[in-house]
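This report describes the fold, the packing and some local features of one protein chain. The sequence and the model are shown first.

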Amino acid sequence: MNYTQKQNQHFIPLWSGSMLRGLWGGLLMISLLTSSFGQKEPIEVDKGYKVEIQTSAICEMCQYALEKDLAFEKGVKEATLNLDDKVMTVVYNPKKTDAQTIRKRITLVGYHADTLARDSIAYDNLPMCCKDGAHDTPIPQVPLAPKDGN
């Protein structure tokens, strides 16, 4: 038996299968626990469910783009962006869509949505007035912090 074989004979793997499964399970739990950080839960209203989503929108062009795009999203009944606090309020039919799908749709238009980062290609296609730093606005960081401090 040569020197390398003797060393390998006493080798104890630090990352055995059960340890890796435990590590991945722990990472999954952390991911699930933090994925809703900063996201408000939908509340039931007479027309379906309402969710408020913090966005990185900054001007009327952003407002127009988001409201127009969400008007065509299946299940969305109302979509309104408040530019003062950058919160998109969406009323939707829970049988046709959900809050996470709506958040994803906002990112595909080019804006951050709660903890979801915007799509970089969609962002590149936004008008200059809708980009970071336009209108003397601070550059947003993801995850977006809720305005009410929750």
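## Basis and overall make-up

Helices (H or I, at least four residues) and strands (E, at least two) are DSSP runs, numbered from the N terminus. The model is predicted: local features need pLDDT of at least 70 and side-chain atom pairs count only at pLDDT 80 or more, while totals for chains, interfaces and linings use all residues. Residues are numbered from 1 along each chain as its sequence is written, and side-chain values use heavy atoms, with hydrogens and water left out.

The protein chain has five helices and four strands. Read from the N terminus, the order of these elements is α-α-β-β-α-β-β-α-α. A residue is called buried under 20% relative accessible area, exposed over 50% and partly exposed in between (1.4 Å probe, protein chains only). By this rule 33% of the 150 residues of the protein chain are buried. Contact means heavy atoms within 4.5 Å. Of the contacts in the protein chain between residues at least 6 apart in sequence, 55% join residues at least 24 apart.

## The sheet

Two strands are taken as paired if DSSP finds at least two bridges between them. The four strands form an open sheet in the order 1-2-4-3, and their pairing is antiparallel. Strand 1 (43-45) and strand 3 (76-82) are the edge strands, each pairing on one side only. From one strand to the next the twist averages 25°.

Strand 2 (residues 48-54) and strand 4 (residues 87-92) run antiparallel and are joined by six bridges. Within this pairing, Gln54 stands opposite Val87 of strand 4, and Ile53 has Met88 of strand 4 as its bridge partner. Strand 3 and strand 4 are also antiparallel, with six bridges between them. Here Val76 faces Tyr92 of strand 4, and Ala79 stands opposite Val90 of strand 4. Strand 4 is mostly covered, with five of its six residues buried.

Angles are taken between N-to-C directions and run from 0 to 180 degrees; the axes are lines fitted to C-alpha atoms, for helices over the stretch in contact. Helix 3 (residues 60-71) lies across strand 3 and strand 4, and runs at about 170° to strand 3. Helix 4 (residues 99-109) also packs on the sheet, where it touches strand 2, strand 3 and strand 4. The direction of helix 4 makes about 40° with that of strand 2.

## Nonpolar core

A nonpolar core is a set of buried Ala, Val, Leu, Ile, Met, Phe, Trp, Tyr and Cys residues joined through side-chain atoms within 4.5 Å. The largest such core has 24 residues, and those with the most contacts inside it are Leu66, Leu70, Met88, Val90, Ile102, Ile106 and Tyr111. Strand 2, helix 3, strand 3, strand 4 and helix 4 each give two or more residues to this core. Helix 4 supplies the largest share, four residues. In soluble globular proteins, nonpolar side chains tend to be buried together.

Leaving out residues up to four places away in sequence, Tyr111 touches Ser56, Ala57, Cys62, Ala65, Leu66, Ile106, Arg118, Leu126 and Cys130.

## Charges over a ring

A charge sits over a ring if NZ of Lys or CZ of Arg is within 6 Å of the ring centre and within 35 degrees of the ring normal. Two residues meet this rule at Tyr123: Arg118 lies over its face at 3.9 Å from the ring centre, and the charged end of Lys131 sits over the ring at 5.4 Å from its centre.

## Positive phi values

Most residues other than glycine have a negative phi, and most peptide bonds are trans. Lys86 has a phi near 60°, a positive value in a residue other than glycine. Lys86 is placed in the loop between strand 3 and strand 4, a hairpin that has four residues between the strands. Lys86 counts as buried, because its relative accessibility is 18%.

Asp114 is not a glycine either, and its phi is positive at about 55°. Asp114 lies in the loop between helix 4 and helix 5 (120-124). Its relative accessibility is 1%, so Asp114 counts as buried.
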